[in-house]
Amino acid sequence: MAVANNELEKVIIQSVMEELAKKGLLSQKRKDHVMAAAMIETPTLPDTQSEEMVTFPPLNEMQISNPFNADAVKAMMKSTPARIGIGRAGARPKTMSLLRFLADHAVAQDAVFLDVSEEFLKRMDLMSVQSAATSKDEFLQRPDLGRRLSVEAAKIVAEKCEKNVQVQILIVDGLSSSAIEANIPDLLPALMQGLKSSGIKVGAPLFVKNGRVWVQDHVASIVNCEVIISLIGERPGLGTAESLSAYMIYRPDEKTVEADRTVISNIHKGGIPPAEAGAHLTDVIKQVLAAKASGVKLNQQK
Amino acid sequence: MPESNSQQIISVGIDIGTTTTQLVISRLTIENTASGTFVPRVEITDKEVIHRSQIYFTPLLDHDLVNAVAVSKIVETEYLAAGLTPESIDTGAVIITGETAKKENAKAIIDALAGFAGDFVVATAGANLEAVYAGKGSGAALFSAQRHQVVVNIDVGGGTSNYAMFQEGKAVDSSCINVGGHLIEFEPHGDRITYISKPALLAIQSTGQRLKVGERVTLPQLRPLVKAMAASVVEVLKTSMHSGLTQELLMTPPLKLEYPIRKVIISGGVADYVYAPCGPATMEEVTAFGDFGPLLGWELKVSFEAAGFILEKPSETVRATVIGTGTQSVNLSGSTIHLQDGTLPLRNVMVISPFTSTVPATAKEIAEVIKQEILRLQIDHSQGMVALAMKGPRTMSFADINTLAQGLVAGMEDYLRQDKPLVLVIEADCGKVLGQCINAVAKHPLEVVCIDQIEVEDCDYIDVGKPLMGGRVVPVVLKTLVFNR
């Protein structure tokens, strides 16, 4: 098929050239030249079938040609994850910069649209329930549905979760499933160890699919815990798609407002390392329990 | 737990040198610079010198034994002048340099100053540490970080010139040469020589002159000799192939010259004459302080400029070292510390780095390596305290942190039997979780001081002060004595 196409192309090009030459728009010499180019056997077009991976140069590599002070650029690049020191090709970004940008954007989209895998939940031994949002699309279009459990989920939580514990841990996919899979394996054991060695009574951690921060209020109302903590995937950016936040609240009820929540954000390998965050969250939870308050009320007691 | 977001601490720096003794009192502001939703990050955000002492001649009992009681009198007088009591001093460092940097002096000074500041730190500093403090006090460290340029600070004092090379705010190399403005002494404002030191004699010989004590000397006679000394100072920055005089005057290994150098900052007593608009014209001007400092300063300027170096101005000259000591000797640990009450402060904790590259994979191997290293360094457990320093766990995973905790507790088993605290210094941000794991691993409650986000070098000593900011950070004074390794 490819060969036939190639033959056909040659015929078309040849007749067009001859027409142009007849009208005096193309000299014989130019005609031969263009024909020779057209006759090259292998086309120079990129092979879209190729599975070859594109390898990016290391992120910390400075891409500016002939910098005035290379050390200064390197020092600045070290101080920020932003895309600086990437050079330019004329007025446009270099190919690699553009490809990296597109790739990072794709990673961010995957983080939102993919689910936390069943295999992961099994490996972490997490019980899983779903919010009132039945699909990713519905979850994204109807924020209110992500803020409460489905009827079925509420029933499961009521039946299976331990009641009246001091701390209930929720793991919520939120806007980044990647953040859950990247951080929970190191964060959760550190947090559990910290709470247990402090003698704090913790219920079994629970996973909520298609959930938002407020779903913690619904769960807390069922299990009647003192503190509920949600480990939730943050909205991904182009810097990282793996950032996780921890929202904590002391005994939420219908009068709860956003200011009642304590939050620790930016948990990922380039921010607060997840294991260290687990130990830090233990301290914060201890403060919340001691103060019987969270959010702004907690800060005012300090 | 009450937590304030900012705190001020008063820090004292005392520099006891061969010829002079100085003291500065600074106010350091430490603040949590992280926003509310982040893990707190405590940093020193402001350093303000609130009191500068006069410059005293170092009180000596004999040639190199410091009169510690007289030093404590100086400190007392200066506290009074600053309107401060010993109780209001939070931290500080004494740096004993030059000929006076001896163990006996350090001991005597610690004893004499015991009543003046509870958490005082005394460091007998080699020329290298002195050079680094001078470069931090003169603004050279800041210059290199702000301009992103390598800069060498040379602190030219009475007896020595101390080089410290800075790159991005960090000292990367140091050296010391026996050139200073006080190596030949004169009758003040006169031209009669009253003393010639050994290094000065070497310089005199190299120029083929024959100056003797008691003789009168003219400016044209003195100048070539001072030029020779200045040339030696410059030569160390230019090449590693040194002339005979430079080789004889160098007191430490020379600079390694791993970076191209264009900018130089000169501090120390002689520096004021480097940056003067014109040089001394008569012997009377040269010997205004009974030495040849003014002429050395001028000749250094001439030599450096002729060699194509650019001289940048220091923010401090004669007080650079003491200001560096007072404001720069204190580091803060990361905000993740795992401390128990009553353990701090700790003094002269020897730092050992058992892991040369990566941390082994199993707890058993980690314990083995630690035990071997302690055996190799012949550390007697009944003696001083030891801190284990490392970059971090094998990876930042919880499993690897837990493995490290198990290995550390097993490896330090004998040491911990002495009821000593387990002191860990770790570069990675994992102090809190590591401390938590160690407490979970240990069979009985351990005293754990786990300091993270601080870099130390092998075999340095550290002092750890009392916790600040509601227990969130500890001040750590690093005593880095050697750079040439």
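**Exercise 1. Describe how helices α3(B) and α11(B) pack.**

Step 1. The axes of helix α3 (residues 127–137) and helix α11 (residues 320–328), both of chain B, come within 7 Å and cross at roughly 85°. Helices here are DSSP runs of H or I with at least four residues, strands are E runs of at least two, and both are numbered from the N terminus. Axes are lines fitted to C-alpha atoms, for helices over the stretch in contact, with angles from 0 to 180 degrees between N-to-C directions.

Note the source. This is a predicted model, in which local features need pLDDT of at least 70 and side-chain atom pairs count only at pLDDT 80 or more, while totals for chains, interfaces and linings use all residues. Residues are numbered from 1 along each chain as its sequence is written, chains are lettered from A and ligands numbered from 1 in the order in which they are written, and side-chain values use heavy atoms, with hydrogens and water left out.

Step 2. Classify the angle. α3(B) and α11(B) are therefore roughly perpendicular to each other. The classes are: under 35 degrees roughly parallel, over 145 roughly antiparallel, 65 to 115 roughly perpendicular, and the rest oblique.

Step 3. List the contact residues (contact means heavy atoms within 4.5 Å). α3(B) supplies E130(B), Y133(B), A134(B), K136(B) and G137(B). α11(B) supplies A320(B), T321(B), I323(B), G324(B), T325(B) and Q328(B).

Step 4. Sort them. The contact of α3(B) with α11(B) has four nonpolar, five polar and two charged residues. Ala, Val, Leu, Ile, Met, Phe, Trp, Tyr, Cys and Pro count as nonpolar, Asp, Glu, Lys and Arg as charged, and the others, Gly among them, as polar.

**Exercise 2. Trace the five-stranded sheet of chain B.**

Step 1. The sheet is open, with mixed pairing and the order β9-β8-β7-β12-β13 (chain B). Two strands pair if DSSP finds at least two bridges between them.

Step 2. Find the edges. β9 (170–177) and β13 (310–312) of chain B each pair on one side only. Neighbouring strands of this sheet are turned by 25° against each other on average, direction ignored.

Step 3. Check one pair. β12 (residues 263–267) of chain B runs parallel to β13(B), with three bridges. K263(B) has I310(B) in β13(B) as its bridge partner.

**Exercise 3. Locate the nonpolar cores.**

Step 1. The largest nonpolar core has 59 residues. A core is a set of buried Ala, Val, Leu, Ile, Met, Phe, Trp, Tyr and Cys residues joined through side-chain atoms within 4.5 Å. Buried means under 20% relative accessible area, exposed over 50%, and partly exposed in between (1.4 Å probe, protein chains only).

Step 2. Residues with the most contacts inside the largest core include L222(B), I266(B) and F304(B). Helix α6 (residues 219–238) of chain B gives the most to this core, with eleven residues.

Step 3. Take L222(B). Beyond four places in sequence, L222(B) touches F186(B), V217(B), M283(B), V286(B), F292(B) and L295(B). Apart from this core lies another, of 37 residues, among them L126(A) and I285(A).

**Exercise 4. Which residues other than glycine have a positive phi, near 55° and near 50°?**

Step 1. Recall the background. Most residues other than glycine have a negative phi.

Step 2. N224(A) has phi near 55°. N224(A) sits in the loop between α10 (215–223) and β4 (227–233) of chain A, and is partly exposed at 38% relative accessibility.

Step 3. E168(B) has phi near 50°. The loop between β8 (161–167) and β9 of chain B holds E168(B), which is partly exposed at 32%.
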